[in-house]
Amino acid sequence: MKIFQVIIGSEILEGRREDKHFEFLKDLLLKRGYELFASFIVKDNPELLRDIFLLIKNSPDSYLFCYGGIGATPDDFTREISAEVFTNSQMEYNYEFKKLIDNKFPNEDNTKKYLLAYWPKGSKPIWNNPINGYPGFMIDNRYFFLPGFPQMAHPMSEWIIKKYFAKKTPKKRYTLLAYAKESEMLDIMQKIPKDVEFSTLPKLDFTSEISFSGKKAKEVFEWFKDELTKINIKYKEI
């Protein structure tokens, strides 16, 4: 499973607003036993959105949490571009949402407000918005489109995670601090099996934090320690 996050908002990149979504979703997923595959913060630009949505659609077993741009103003492109990419530009009104709008604003001409409910064809509503009750929408129970306001989007995200992401046991990670530069351990690192998740974080004091996770992680971790010992590199487990 590859979980993508797209945070839309020129105001974030321009420094007019601080992002609140990345840390929230990252932590929410980790508690459930999942992790992000990639996260993007992008301008309100239709060409850029199209390219990123296509990348996500073409990635096997992909999931998407998209925050922002689902409004009805001219600078909101998410509904239109998501329809272009995921439903061949077919769109339709969600009548539950239209009914909600009519109930909130009786005896008014709500024609322009209905644009909020004009979604990619076949989309389903994501409710649980505690601020105004307006829903986001989802496509194929995999691609989730939410408001940009954290107060709205975060409770909706929690509902999605509970409903569509069965709780898993978090991956066990094995970590050590090696008292050596990365270059001194490259020969050993080249022998690490490709199916083991591995990362190294060099530090300015010429030590390296090295960790393993996933299948066979414990076995490879023990092997790695033995290899360090053979070439007289000291380490401590973290």
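**Two strands pair if DSSP finds at least two bridges between them.** The model shown here is predicted.

**View 1. Strand 1 pairs with strand 3.** Strand 3 covers residues 62-67. The two strands run parallel and are joined by 6 bridges. Look for Val6: its bridge partner in strand 3 is Cys66.

**View 2. Strand 1 also pairs with strand 2.** Here, too, 6 bridges join parallel strands. How many of the 7 residues of strand 1 are buried? The count is 6, so strand 1 is largely enclosed by the rest of the structure.

**View 3. Phe4 and Phe37 form an aromatic pair.** The structure holds 22 aromatic pairs. A pair of aromatic rings is described by the distance of the centres and the angle of the planes. For Phe4 and Phe37, the centres are 5.4 Å apart and the planes make an angle of 70 degrees. That pair is edge-to-face. Phe4 sits in strand 1 (residues 2-8), while Phe37 sits in strand 2 (residues 36-42). The two are 33 residues apart, so the pair links distant parts of the chain. Phe4 is buried because its relative accessible area is 2%, and buried means under 20%.

**View 4. Tyr93 and Tyr118 form a tilted pair.** Their ring centres are 4.6 Å apart, with the planes at 40 degrees. Tyr93 belongs to strand 4 and Tyr118 to strand 5 (residues 118-120), so the pair ties together parts 25 residues apart in sequence.

**View 5. Ring pairs build a cluster.** The members are Phe53, Phe86, Phe97, Trp119, Tyr134, Phe137, Tyr143 and Phe145.

**View 6. Two lysines lie over ring faces.** Lys98 lies over the face of Tyr114, at 4.5 Å from the ring centre. Lys113 lies over the face of Phe105, at 4.8 Å from the ring centre.

**View 7. Tyr93 returns in a nonpolar surface patch.** Tyr95 and Leu115 make the patch together with Tyr93. Its area is about 300 Å². Tyr93 itself is in strand 4, which spans residues 91-93.

Key. Residues are numbered from 1 along each chain as its sequence is written. This is a predicted model: local features need pLDDT of at least 70, side-chain atom pairs count only at pLDDT 80 or more; totals for chains, interfaces and linings use all residues. Side-chain values use heavy atoms; hydrogens and water are left out. Patches are made of residues with over 30% relative accessible area and no salt bridge: like charges are joined within 9 Å, nonpolar side chains (Val, Leu, Ile, Met, Phe, Trp, Tyr) within 5 Å. Accessible areas come from the Shrake-Rupley method with a 1.4 Å probe; for residues, only the protein chains shown count as cover. A salt bridge is a side-chain nitrogen of Lys or Arg within 4 Å of a carboxyl oxygen of Asp or Glu. Helices (H or I, at least four residues) and strands (E, at least two) are DSSP runs, numbered from the N terminus. Rings of Phe, Tyr and Trp (its six-membered ring) pair if their centres lie within 6.5 Å; planes under 30 degrees apart count as stacked, over 60 as edge-to-face and the rest as tilted. Buried means under 20% relative accessible area, exposed over 50%, partly exposed in between (1.4 Å probe, protein chains only). A charge sits over a ring if NZ of Lys or CZ of Arg is within 6 Å of the ring centre and within 35 degrees of the ring normal.
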